[in-house]
Amino acid sequence: MSVQVGERESAGAPLLSVDGLTVSAGDGAEAAELVRGISFSIAAGERVGLIGESGSGKSLTALAIAGLLPAGLTAGGSALLGGVETIGASEAELRPLRGPAIGFVFQEPLTALDPLMRVGKQIAEPLRRHRRLRGAELDRAVAESLAEVRLEDPRLARAYPHELSGGQRQRIAIAIALAARPKLLVADEPTTALDVTVQAEVLGLLDRLVAERGMGLLFISHDLAVVAQQTSRVLVLRGGEAVERGTVADLVRAPQHPYTAQLVAHARALDAALDGAADGGSAAEDDRGRDAGGDA
Amino acid sequence: MTVLEAANVDFAYGRRPILHGVSLRLGAGESVGVVGESGAGKSTLLSLLLGLAAPSAGAVRFDGEPLRLRDRAAMRRFRSGVQAVFQDPYSSLDPRQRIDRIVAEPLESLGIAQGADAAARVRAALTSVGLPEDAALRYPHEFSGGQRQRIAIARATVVRPRVLVADEPVSALDVSTRTQVIDLVNELRATTGLALVMVSHDLGAVAATCERTLVLEGGRVVEEGPTARILTAPREDYTRRLISAIPRLPV
């Protein structure tokens, strides 16, 4: 069913359409709304960012869409994923969507990967289930998946997660998420646990794969600079609500909500620390070696 | 005057060499950033500077004297002078202790103050990091990541150390919280003359706090100098890569 719906989408309907999404904890008078009235949609090839600090509801939003909320939390409103309403849907209805309609990459690949299974087998699993590959064909697909995430050494397939670096593990997690050929990829703080240089590599990789496959992307991060690199439209979340939405360019140039303005100011402050040093250096080129350290 | 110094230190875990001939010199009130990728040896260098491990060659000196890890009186003096803040504010504070106990701990274990004297110092330390007075009576889980890092900084500065050693102190924090904690560290340095060694993979955080920067790659110092010079005219490809990897806002 999800396959048919998926084909209809290419006609232009959004991959994901979220309308008035809520997430609440507890029930009755005790209920606390953790996410309130979030709405957005993502079409094929579109990239949307959710930005906010921890506790702003960005991860809950993404989990609710795929019916993955932890026990005790309830979603309300509507989320159409590949044309299927996922809010209030049964596990049987949701299962075929996870993989082909929506794939996830999380912050900490160590918790997303099975520590006791060789990573090649973990990539093979969705290839077998969703693309029905077997035998030599399956082996070849695993090798291709690894090569796609720039892990060319075929011996890596036989490694266990703990034997890999953080960047390699995140590449494996991406390969697993992409194995089922999802139309929409959710990347939830995918590089927050990584070094800046490894972050740059993994972001470059994600960017290329999303573009090549024409996937939709929902990119979640607290880091405005990273979100700005990866997406074109952004929702700013605070305390479970979208306080501002717009294109990255508008938001960065002319933030409307005070909270967004603060996010931009903080990101600019870190940039300025780098530039401040840079300006001082270029303004006084000859003195650079001598006194540039003074007010770095 | 040099307060804390690593002089040509080597270190190896078993037969695996981690540091080769690394030197770092911190003068009174100075700030030095140590940058590099994971596995470059940054945290190992900090362990040596904190006297948590001994170099296999070379020496770590505090006030010109080599550290003697087995001399308890000397190490107590050292710990009164050199304090640390670590990356993860969630695991570095004992969840079962109230904040006043957590912050008072170094005062007691180093025999610096107790009773009412200690309590007064704890209050002053909490105020200096911008926490409300009633924070003293609460527990770590009641605070956000940024507030917890403030508590960790209060615990480190309550003994009025001359050197603060910080291991990725803002990497686990949201960007907004990050700049606030950086501002706090800069303010404490300006008001108390605290010297700082900060390890980070994030050159942006180092640029905002440290006058000098040392770049580590594979356990060796590949580049060192004023932070402004490192950022504007890096001599090594490795340093250039670290700089270009920093995500920036579109102009």
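Guide: Two residues are in contact if their C-beta atoms, placed from the backbone, lie within 7 Å. This is a predicted model, in which local features need pLDDT of at least 70, side-chain atom pairs count only at pLDDT 80 or more, and totals for chains, interfaces and linings use all residues. Residues are numbered from 1 along each chain as its sequence is written, while chains are lettered from A and ligands numbered from 1 in the order in which they are written.

Visitor: Among contacts in chain A between residues at least 6 apart in sequence, what percentage join residues at least 24 apart?

Guide: The share is 65%.

Visitor: How many helices and strands are there in chain A?

Guide: Helices (H or I, at least four residues) and strands (E, at least two) are DSSP runs, numbered from the N terminus. Chain A has twelve helices and ten strands.

Visitor: How is strand S9 of chain A covered?

Guide: A residue is buried if 20 or more other C-beta atoms lie within 10 Å of its own, exposed if 12 or fewer, and partly exposed in between; the C-beta atoms are placed from the backbone. Strand S9 (residues 233-238) of chain A is mostly covered, with five of its six residues buried. For chain A, buried residues make up 46% of its 296 residues.

Visitor: Which strands are joined to S9(A) by bridges?

Guide: Two strands pair if DSSP finds at least two bridges between them. Strand S3 (residues 47-51) of chain A runs parallel to S9(A), with four bridges, and A:Val48 has A:Arg233 as its bridge partner. Strand S10 (residues 241-247) of chain A runs antiparallel to S9(A), with six bridges; here A:Val236 stands opposite A:Glu244. S9(A) and S10(A) form a hairpin with two residues between them, and A:Gly239 in the turn has a positive phi of about 55°.

Visitor: What is found on the two faces of strand S6 of chain B?

Guide: In a regular strand the side chains alternate between the two faces of the sheet. In S6 (residues 82-85) of chain B, B:Val82 and B:Ala84 lie on one side and B:Gln83 and B:Val85 on the other, all buried. Four bridges join S6(B) to the parallel strand S7 (residues 163-167) of chain B, and B:Val85 is partnered there by B:Ala166.

Visitor: How many residues does each chain give to the contact between A and B?

Guide: Chain A gives 38 residues and chain B gives 28. On the side of chain A that touches chain B, H11(A) gives the most, with 15 residues.
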